[in-house]
Amino acid sequence: MASHLDTDSSNPAVFVNGELLRSYIGKRVRALVQVIRSENGAVIGKSTDDNQIFVKGTPPLGSLTGFVEVIGIADDDRSIRAEIWNNFGDKIGMIY
């Protein structure tokens, strides 16, 4: 059962944005995503470099809003199969 912390140091997750995701297909990644909407079992979001990312998997109970960190396997150059979800809410310390 996955916890909310990424403690597996034998298989660390590389922090990626939308552009870097393509370099880590099949590998464990971590990404910060701004949630745009949820549909068909996926969260559609915007990466830190303004690229669209699809996050597949079962998000935690409750609605996801604002920003989420996902840790999982990069399926392809635009999607991540999430194992761990961390909901950061509407703000993450960004200047607007």
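**Salt bridges, strands and a core**

Q: What is the relative accessible area of Arg 22?
A: Arg 22 has a relative accessible area of 45%, which means that it counts as partly exposed. Buried means under 20% relative accessible area, exposed means over 50%, and partly exposed lies in between (1.4 Å probe, protein chains only).

Q: Where do these values come from, and how are residues numbered?
A: This is a predicted model, in which local features need pLDDT of at least 70 and side-chain atom pairs count only at pLDDT 80 or more, while totals for chains, interfaces and linings use all residues. Residues are numbered from 1 along each chain as its sequence is written, and side-chain values use heavy atoms, with hydrogens and water left out.

Q: Back to Arg 22. Which residue does its side chain meet in a salt bridge?
A: The side chain of Arg 22 meets that of Glu 19, with a distance of 3.8 Å from N to O. A salt bridge here is a side-chain nitrogen of Lys or Arg within 4 Å of a carboxyl oxygen of Asp or Glu. Glu 19 is also partly exposed, because its relative accessibility is 45%.

Q: How many salt bridges are there in the whole structure?
A: The search finds 7. One of them joins Glu 83 and Arg 28, whose closest N and O atoms are 3.2 Å apart. Glu 83 lies in strand E6 (residues 79–89) and Arg 28 in strand E2 (residues 28–39), so this pair ties together parts that are 55 residues apart in sequence.

Q: And Arg 28, is that buried or exposed?
A: Arg 28 is buried, because its relative accessible area is 10%.

Q: Which residue forms a salt bridge with Arg 30?
A: Arg 30 pairs with Glu 69, and the closest N and O atoms are 2.6 Å apart. Arg 30 belongs to strand E2 and Glu 69 to strand E5 (residues 67–76), so the bridge ties together parts that are 39 residues apart in sequence. Glu 69 counts as buried because its relative accessible area is 12%, whereas Arg 30, at 22%, is partly exposed.

Q: Which residues are linked in a network of salt bridges?
A: The network links Lys 56, Asp 75 and Arg 81.

Q: New topic: what is the secondary structure of the protein?
A: The protein has 1 helix and 6 strands, and along the sequence they follow the pattern β-α-β-β-β-β-β. Helices (H or I, at least four residues) and strands (E, at least two) are DSSP runs, numbered from the N terminus.

Q: Which way do E2 and E5 pair?
A: E2 and E5 pair in the antiparallel sense, over 7 bridges; two strands are said to pair if DSSP finds at least two bridges between them. Within this region, Val 33 stands opposite Val 68 of E5.

Q: What about E5 and E6?
A: Their pairing is antiparallel too, over 9 bridges. Phe 67 has Gly 89 in E6 as its bridge partner. A hairpin through 2 residues joins E5 to E6. As for cover, 8 of the 10 residues of E5 are buried.

Q: What is inside the largest nonpolar core?
A: That core has 16 residues, and those with the most contacts inside it are Val 55, Val 70, Ile 80 and Trp 85. The elements giving two or more residues to this core are E2, E4, E5 and E6. E2 gives the most, with 4 residues. A nonpolar core is a set of buried Ala, Val, Leu, Ile, Met, Phe, Trp, Tyr and Cys residues joined through side-chain atoms within 4.5 Å.

Q: Which residues is Ile 80 in contact with?
A: Leaving aside neighbours within four places in sequence, the contacts of Ile 80 include Leu 21, Val 29, Phe 54, Val 55 and Val 70. Contact means heavy atoms within 4.5 Å.

Q: One last topic: where are Ser 47 and Asp 50?
A: Ser 47 is in the loop between strand E3 (42–46) and strand E4 (52–56), and Asp 50 is also found in the loop between E3 and E4. Ser 47 is buried because its relative accessibility is 4%, while Asp 50 is exposed because its value is 58%. Ser 47 touches Asn 17, Gly 18, Leu 32 and Ile 53, not counting residues up to four places away in sequence. Asp 50 has a phi near 65 degrees, a positive value in a residue other than glycine.
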